[in-house]
Amino acid sequence: MNPHDPHVHVRSDVIGADAAARDMMAATFGLVGELPSIVGTGCGLRVPYAATSPNPDRVTCLACREHGRAEHLRLAEQVERLSRMPGSVIGAAEAAAAASGHRERAERFAEPPG
């Protein structure tokens with residue numbers, strides 16, 4: 001971890017559902033878990049959670065932007081593939097919408113940081 005790193009990174013698990021799971025647990029049971037203070041990033045660094053963002057417009061680390069793009073493209077393919085499996089509870093229209101959302105986010109990661 002470099003305390004002098006000025007970049008905003010993306011978490012290595014891109015989707016980063018920790019905060020969403022924490023909010024759901026708090027809303028459902030009144031329990032509040034702590035988010036990790038240090039997380040792994042798409043570029044391989046470990047940085048403070050506060051130095052990361054899932055928003056492509058905020059990520060300034062180029063390696064993390066490439067990782068975010070690749071992960072969202074992978075997730076789009078995975079959603080479409082899983083929706084075609086027998087017994088899938090995700091319909092073709094739902095899968096297409098989710099995949100489209102991931103592809104749009106991937107393209108936002110491909111644009112130069114603003």
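Okay, let's start with a pair: arginine 74 and glutamate 71 form a salt bridge, with their closest N and O atoms 2.9 Å apart. By salt bridge I mean a side-chain nitrogen of Lys or Arg within 4 Å of a carboxyl oxygen of Asp or Glu. The two sit three residues apart in helix H2, so about one helical turn separates them. Helices here are DSSP runs of H or I, at least four residues, and strands are E runs of at least two, numbered from the N terminus.

Quick caveat: this is a predicted model, where local features need pLDDT of at least 70 and side-chain atom pairs 80 or more, while totals for chains, interfaces and linings use all residues. Residues are numbered from 1 along each chain, and side-chain values use heavy atoms, without hydrogens or water.

Glutamate 71 is buried at 18% relative accessible area, while arginine 74 is partly exposed at 42%. Buried means under 20%, exposed over 50%, partly exposed in between (1.4 Å probe, protein chains only).

Now H3, residues 92-110. Which of its residues are buried? Ala95, Ala99, His102, Ala106 and Phe109. The face turned away carries exposed Ala93, Glu94, Ala97 and Glu104.

In total, the structure holds six salt bridges.
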